[in-house]
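Here is a short briefing to keep beside the viewer while you look around. Take the topics in any order you like.

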Amino acid sequence: MSVPELIRIVSRDSPMALAQVERVRAELTALHPGVRTEVVPVKTTGDKWMGDLSQVEGKGAFTKEVDAALLAGEADLAVHCVKDVPADRPLPAGTTFAAFLKRDDIRDALVHPGGLTLDELPAGTRIGTSSVRRVAQLAATHPELECVPFRGNANRRLAKLAAGEADALLLAVSGLERIERQDVISEILSPETMMPPIGAGILALQCRQDDSELIDAVSGLGDPDTHREATAERMFLHVLQGHCNSPIAGYARVDRSGELSLRACVFTPDGKVRLNAHEWAGRLDPATLGTSVAVALLRQGAREIIDGIPH
Ligand SMILES: NCc1[nH]cc(CCC(=O)O)c1CC(=O)O
């Protein structure tokens with residue numbers, strides 16, 4: 001296999017994103033000793049804008065500038081959190097996913113400086129989160145807690161928490177691990193307590209579609225089970241056609257016997273309505289499983305819920 005001499009890797013410039021790039025560089029050099037890599041950090045709209053994401057372009061706010069650098073030939077390989085890559089539309093024309101890295105933890109964690117668990121938090125505790133998915137689920141199970149809007153990369157959110165702008169936070173376990181701040185976790189929430197977002201804990205490598213030399217060189221970093229899970233989850237979201245204010249959650253799992261299943265939920269923003277679906281792939285391919293689960297939720301009224309939320 002011919003491997004490019006130099007691979008320029010583009011990513012957001014947050015500490016979490018740069019840690020993700022370091023993982024990719026380490027895996028690349030393990031697979032192809034001698035390959036040189038260079039990091040091209042870019043600031044995205046989502047990093048710069050601290051208001052409501054629906055007022056900028058919503059979905060795509062964390063990926064647009066990265067995609068642009070890839071397409072302009074300023075870099076060869078983009079590293080994305082699958083969670084942040086819009087699934088309602090295809091990937092930008094001319095680009096493709098070359099690999100999904102082995103999935104990290106999919107769960108959310110509670111960060112409470114006093115070390116309390118979610119069930120122990122006193123009424124009125126201010127939870128810093130702007131995520132409609134987290135707000136809806138907390139409203140359903142812990143209506144006595146108060147969510148306050150909280151944006152910024154994970155390090156900035158931890159700094160704002162330390163400054164007293166909230167009493168506790170919800171953050172992804174995988175994200176905290178990447179920035180080496182697992183120490184702040186007071187409780188890891190099960191996926192039943194806090195259903196994760198589509199694509200949680202998965203890093204994707206994106207290339208220009210015509211760059212077959214690079215696609216071949218990086219495809220060996222992909223994990224087959226993660227690929228099946230990501231494909232089912234993203235097709236689910238594509239068929240559902242949510243928007244940036246629609247509380248949608250779900251995850252696919254390949255179990256020990258190799259069976260793929262997908263469970264997913266749609267909520268009203270107040271958490272009062274929760275639609276559920278859970279299906280096994282059986283003989284279906286992952287994308288068809290994703291479609292089937294989306295159709296199951298649409299039959300229960302997901303379209304009316306999603307379209308009824310201002311966005
Ligand atoms: N929106 C920011 C973002 N994008 C991906 C992750 C977590 C890591 C992952 O799921 O890959 C986070 C932080 C968070 O939600 O706490």
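Helices here are DSSP runs of H or I with at least four residues, and strands are E runs of at least two, both numbered from the N terminus. In those terms, Gln241 sits in the loop that joins α8 to β11. Please keep in mind that the model is predicted. The points below begin with the ligand site, move to that loop and its surroundings, and end with some other spots along the chain.

**The ligand site**

- Asp84 has a polar side-chain atom 2.9 Å from a ligand nitrogen.
- Arg134 brings an N or O atom of its side chain to 3.2 Å from an oxygen atom of the ligand.
- On its own the ligand has 400 Å² of accessible area, and the protein covers 92% of it.

- An unreviewed UniProt entry annotates residues 229-298 as "domain: Porphobilinogen deaminase C-terminal".
- That span is 36% helix and 31% strand, and the C-alpha atoms at its ends are 21 Å apart.
- Cys244 is listed by UniProt, again in an unreviewed entry, for "modified residue: S-(dipyrrolylmethanemethyl)cysteine".
- Cys244 is part of the loop between α8 (224-240) and β11 (248-254).
- Is Cys244 buried, partly exposed or exposed? Its relative accessibility is 28%, so Cys244 counts as partly exposed.
- His243 belongs to the loop between α8 and β11 too, but His243 is buried, with a relative accessible area of 12%.
- The side chain of His243 has a polar contact of 3.1 Å with the side chain of His311.
- Gln241, in the loop between α8 and β11, is partly exposed at 35% relative accessibility.
- The backbone of Gln241 is worth a look: phi is positive, at about 50 degrees, although the residue is not a glycine.
- Within helix α8 you will find Phe236, which is buried with a relative accessible area of 0%.
- Phe236 and Tyr251 are separated by 15 residues in sequence, and their C-alpha atoms by 9.9 Å.

**Another positive phi**

- As background, most residues other than glycine have a negative phi.
- Glu180 has a positive phi of about 55 degrees, and it is not a glycine.
- Glu180 is located in the loop between α6 and β9 (187-188).
- With 64% relative accessibility, Glu180 counts as exposed.

- Thr44 is in the loop between β2 (36-42) and α2 (45-48), and counts as buried at 0% relative accessibility.
- The side chain of Thr44 reaches the backbone oxygen of Ala61, at a distance of 3.4 Å.
- Leu118 is placed in the loop between β5 and β6 (126-128), where Leu118 is buried with a relative accessible area of 3%.
- Leu118 and His142 are 24 residues apart along the chain, with 8.3 Å between their C-alpha atoms.
- Lys102 lies in the loop from β4 (95-100) to β5 (108-111).
- Lys102 has a relative accessible area of 54%; the cut-off for exposed is over 50%, so Lys102 is exposed.
- How many residues separate Lys102 and Pro224 in sequence? They are 122 residues apart along the sequence, yet 8.2 Å apart in space, C-alpha to C-alpha.

Methods
Residues are numbered from 1 along each chain as its sequence is written. This is a predicted model: local features need pLDDT of at least 70, side-chain atom pairs count only at pLDDT 80 or more; totals for chains, interfaces and linings use all residues. Side-chain values use heavy atoms; hydrogens and water are left out. UniProt positions are given in the numbering used here, feature names are shortened, and annotations may be inferred rather than shown by experiment. A polar contact is a pair of N or O atoms within 3.5 Å; within protein, one must be able to donate a hydrogen and the other to accept it, and residues adjacent in sequence count only if both atoms are side-chain atoms. Accessible areas come from the Shrake-Rupley method with a 1.4 Å probe; for residues, only the protein chains shown count as cover. Buried means under 20% relative accessible area, exposed over 50%, partly exposed in between (1.4 Å probe, protein chains only).
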